[in-house]
Amino acid sequence: MMRCPFCKSPAHAKSNRYMSDQVKERYHQCTNLECSCSFKTHENIFKVITRPPEPEQITAPTPQRQPQTLGRYGSAFQH
Ligand SMILES: [Zn+2]
């Protein structure tokens with residue numbers, strides 16, 4: 001939750017949309033009725049602390065090289 005930049009009251013997040021994979025735009029509405037300002041913020045990733053494992057470590061170690069597959073299974077995998 002953001003605070004209103006004018007009256008410092010809490011502002012409710014109304015909606016958001018992704019500008020990109022790294023940046024999210026969020027629309028805020030001040031909860032103070034006498035102020036009731038609205039503003040937008042940009043939420044962005046500035047540092048990745050822990051990366052996911054490399055794809056080679058996630059997938060099962062099945063052989064995917066074409067010569068082995070074709071030699072073992074014949075024409076079943078040819079289109
Ligand atoms: Zn306000």
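## Overall layout

From the N terminus on, the elements of the protein chain run β-β-β-β-α-α. That gives two helices and four strands, where helices (H or I, at least four residues) and strands (E, at least two) are DSSP runs numbered from the N terminus. This is a predicted model, in which local features need pLDDT of at least 70 and side-chain atom pairs count only at pLDDT 80 or more, while totals for chains, interfaces and linings use all residues. Residues are numbered from 1 along each chain as its sequence is written.

Buried residues make up 4% of the 79 residues in the protein chain. A residue is called buried if 20 or more other C-beta atoms lie within 10 Å of its own, exposed if 12 or fewer, and partly exposed in between, with C-beta atoms placed from the backbone. Of the contacts with a separation of 6 or more in the protein chain, 18% are between residues 24 or more positions apart. Two residues are in contact if their C-beta atoms, placed from the backbone, lie within 7 Å.

The four strands form an open sheet in the order 1-2-3-4, with antiparallel pairing. Strand 1 (2-3) and strand 4 (38-44) are at the edges and have a single partner strand each, so one side of each is left without a neighbour in the sheet. Two strands pair if DSSP finds at least two bridges between them.

## Strand pairs

Strand 1 and strand 2 (residues 10-18) run antiparallel and are joined by two bridges. Met2 has Ala11 in strand 2 as its bridge partner.

Between strand 2 and strand 3, also antiparallel, there are seven bridges. A hairpin connects these strands through four residues. Arg17 has Glu25 in strand 3 as its bridge partner. Strand 3 and strand 4 run antiparallel as well, joined by seven bridges. Here Lys24 stands opposite Glu43 in strand 4.

His28 is found in strand 3 (residues 23-30). His28 is classed as buried because 22 other C-beta atoms lie within 10 Å.

Leaving aside neighbours within four places in sequence, the contacts of His28 are Met2, Ala11, His12, Ala13, Lys14, Ser38, Phe39 and Thr41. Among these, Met2 is also the bridge partner of Ala11 in strand 2. For Lys14, which is 14 residues from His28 along the chain, the C-alpha atoms of the two residues are separated by 5.5 Å.
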